[in-house]
Amino acid sequence: MPPKSDSVEGIVLNFVNEQNRPLNSQNAADALQKFSLKKTAVQKALDALAESAQISFKEYGKQKIYLARQDQFDIPNGEELEQMKKANSKLQEEIAEQKKITSEVESEIKSLQSNLTLEEIRSKEAILQSEVQEMEEKLNKLQSGVILVKPEDKKIIEESFSERVTQWRKRKRMFKELWDNITENSPKDQKEFKEELGLEYDEDVDVTIQPYSEMLASLNKRRKVSR
């Protein structure tokens, strides 16, 4: 007589039949923890079920392996197996299609979540409108011929710029002549000597005179044309 389904033996028997694979007592105990069953109780139930021939078992040394009785299952014939394979293949295709649809939906959800909310759009629109208005005001001033920099101020700035670039060029030339004289017959490596003295070239601090020289040349050219 089979045990009651809610008894320990009933729970263990149902589990072994559902799994229909070789199990030891530890496998069963781990899986049946959700029923608050201890390993000792599971082991006792397995042994009782095996003794009453409700499940099969084999001994491998000290290890006992339990298995559902196979005579209780309907074994499909070749034709039924083929039909099951086809049905399984169709189900796998449906699962793959569902996964694809799910992935597309999740991608669309992420895309929608990354979009701005209506409140954020309105806030950004207000900022952009303010920036556009500010630019339009500047453009109107320029188009109306408003002088943003006084001629005398412009002249002072240009002369100051010209003087500084000229001095920069002179000092570079003076340093090069002096450095060449010092290191001409020196046995020391120039790079090591420079580091020892704590000297830095313009290039060491990512600065070059070339663009400023070009700006000065362009400025001098404009001056000549305006005369």
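**A53 and its setting**

Reply: With a relative accessible area of 36%, A53 is partly exposed, since this value lies between the limits of 20% for buried and 50% for exposed. The model is a predicted one. A53 is placed in the loop that runs between helix 3 and strand 1 (55-60). Its backbone deserves attention: phi at A53 is positive, at about 65°, although the residue is not a glycine. Most residues other than glycine have a negative phi.

N20 is not a glycine either, yet it has a positive phi of about 45°. This residue is found in the loop between helix 1 and helix 2 (25-31). N20 is likewise partly exposed, its relative accessible area being 32%.

Helix 1 (residues 8-19) and helix 3 (residues 39-51) have axes 9 Å apart, and the angle between them is about 75°. This angle falls in the range of 65 to 115 degrees, and the two helices are therefore roughly perpendicular to each other. On the side of helix 1, the contact is formed by V8, E9, V12, L13 and V16; on the side of helix 3, these residues meet A41, V42, A45, L46, A48 and L49. By class, the contact holds 10 nonpolar residues, 1 charged residue and no polar residues.

Key: Residues numbered from 1 in each chain as written. Predicted model: local features only at pLDDT ≥ 70, side-chain atom pairs only at ≥ 80, totals over all residues. Heavy atoms only, no water. Axes fitted to C-alpha atoms, helices over the stretch in contact; angles between N-to-C directions. Helix = DSSP H or I, 4+ residues; strand = E, 2+ residues; numbered from the N terminus. Parallel < 35°, antiparallel > 145°, perpendicular 65-115°, else oblique. Contact = heavy atoms within 4.5 Å. Nonpolar A, V, L, I, M, F, W, Y, C, P; charged D, E, K, R; others polar. Buried < 20%, exposed > 50% of the residue type's maximum accessible area, 1.4 Å probe, protein only.
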